[in-house]
Amino acid sequence: MLRIFLIYLLLLVPYLVESDDTKELYSFSNVEDQDRFFFLLETYRCPKCQSSSLAGSNSPIAKDLKEEIHRLIEEGQTDEQIEIFLRS
């Protein structure tokens, strides 16, 4: 039982660390924009490692897309406009 708990804990730690790093790297003027950012990162998949969301990926393309999503939110783009940008 303890072994299963330790394995689960080890699998969970990278997810928690990534989440904290992302929160520190991107600042927003209000909580709503921050919530939208993290929702979008969980919604969209990394083009390189398709089994992972952008939030869970450290690939260079995922980092670039995170920066673009942050920029678009700061510019006042809607979620629909951001989706169009990501699909293009």
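**Reading the helices, the core and the charged pairs**

Modeller: Helices H2 and H3 pack with their axes 10 Å apart, at an angle of about 145°. Here axes are lines fitted to C-alpha atoms, for helices over the stretch in contact, and angles run from 0 to 180 degrees between N-to-C directions. Helices (H or I, at least four residues) and strands (E, at least two) are DSSP runs, numbered from the N terminus. This is a predicted model, in which local features need pLDDT of at least 70 and side-chain atom pairs count only at pLDDT 80 or more, while totals for chains, interfaces and linings use all residues. Residues are numbered from 1 along each chain as its sequence is written, and side-chain values use heavy atoms, with hydrogens and water left out.

Colleague: Which residues of H2 and H3 meet, and what is the hand of the crossing?

Modeller: Two packed helices are described by the angle between their axes and the distance between the axes. H2 passes H3 in a right-handed crossing. On the H2 side Asp33, Arg36, Phe37, Leu40 and Leu41 take part, and they meet Lys66, Ile69, His70 and Ile73 of H3. Contact here means heavy atoms within 4.5 Å.

Colleague: How do H3 and H4 cross?

Modeller: The axes of H3 and H4 come within 10 Å and cross at roughly 145°, and this crossing is right-handed. From H3 the contact involves Leu65, Glu68, Ile69, Arg71, Leu72 and Ile73, and from H4 it involves Ile82, Phe85 and Leu86.

Colleague: Which residues of the largest nonpolar core touch the most other members?

Modeller: In soluble globular proteins, nonpolar side chains tend to be buried together. A nonpolar core is a set of buried Ala, Val, Leu, Ile, Met, Phe, Trp, Tyr and Cys residues joined through side-chain atoms within 4.5 Å. Buried means under 20% relative accessible area, exposed over 50%, and partly exposed in between (1.4 Å probe, protein chains only). The largest core has 16 residues, of which Phe37, Leu40, Leu41, Leu54, Ile69, Ile73 and Ile82 touch the most other members. H2 and H3 are the elements that give two or more residues to this core, and H3 supplies its largest share, five residues. Beyond its neighbours within four places in sequence, Leu54 is in contact with Leu41, Tyr44, Arg45, Cys46, Pro47, Ala62, Leu65, Lys66 and Ile69.

Colleague: Is His70 buried or exposed?

Modeller: His70, in helix H3, counts as buried at 18% relative accessibility. Its side chain reaches the backbone oxygen of Ser27 at 3.0 Å. Not counting residues up to four places away in sequence, His70 touches Tyr26, Ser27, Phe28 and Phe37.

Colleague: How many salt bridges does the structure hold?

Modeller: Side chains of opposite charge can pair when their charged atoms come close. The criterion for a salt bridge is a side-chain nitrogen of Lys or Arg within 4 Å of a carboxyl oxygen of Asp or Glu. The structure holds five salt bridges. Glu83 and Arg87 form one of them (2.9 Å, N to O); both lie in helix H4 (residues 79-87), four residues apart, about one turn of the helix. Salt bridges that share partners also join Asp33, Arg36 and Asp79 into one network.

Colleague: Why are Asp33 and Arg36 separated by about one helical turn?

Modeller: Asp33 and Arg36 are about one helical turn apart because they are three residues apart in helix H2 (residues 31-43). Asp33 is buried, with a relative accessible area of 16%.

Colleague: Which side chains does Arg71 meet in this way?

Modeller: Arg71 forms a salt bridge with Glu68, the closest N and O atoms being 2.5 Å apart. Both residues lie in helix H3 (residues 60-74), three residues apart. Glu68 is partly exposed at 27% relative accessible area, and Arg71 is partly exposed at 33%. The side chain of Arg71 also makes a polar contact with that of Glu75 (2.7 Å). A polar contact is a pair of N or O atoms within 3.5 Å; within protein, one must be able to donate a hydrogen and the other to accept it, and residues adjacent in sequence count only if both atoms are side-chain atoms. Glu75 is found in the loop between H3 and H4.

Note on methods
A crossing is left-handed if the near helix is turned anticlockwise from the far one by less than a right angle, and right-handed if clockwise.
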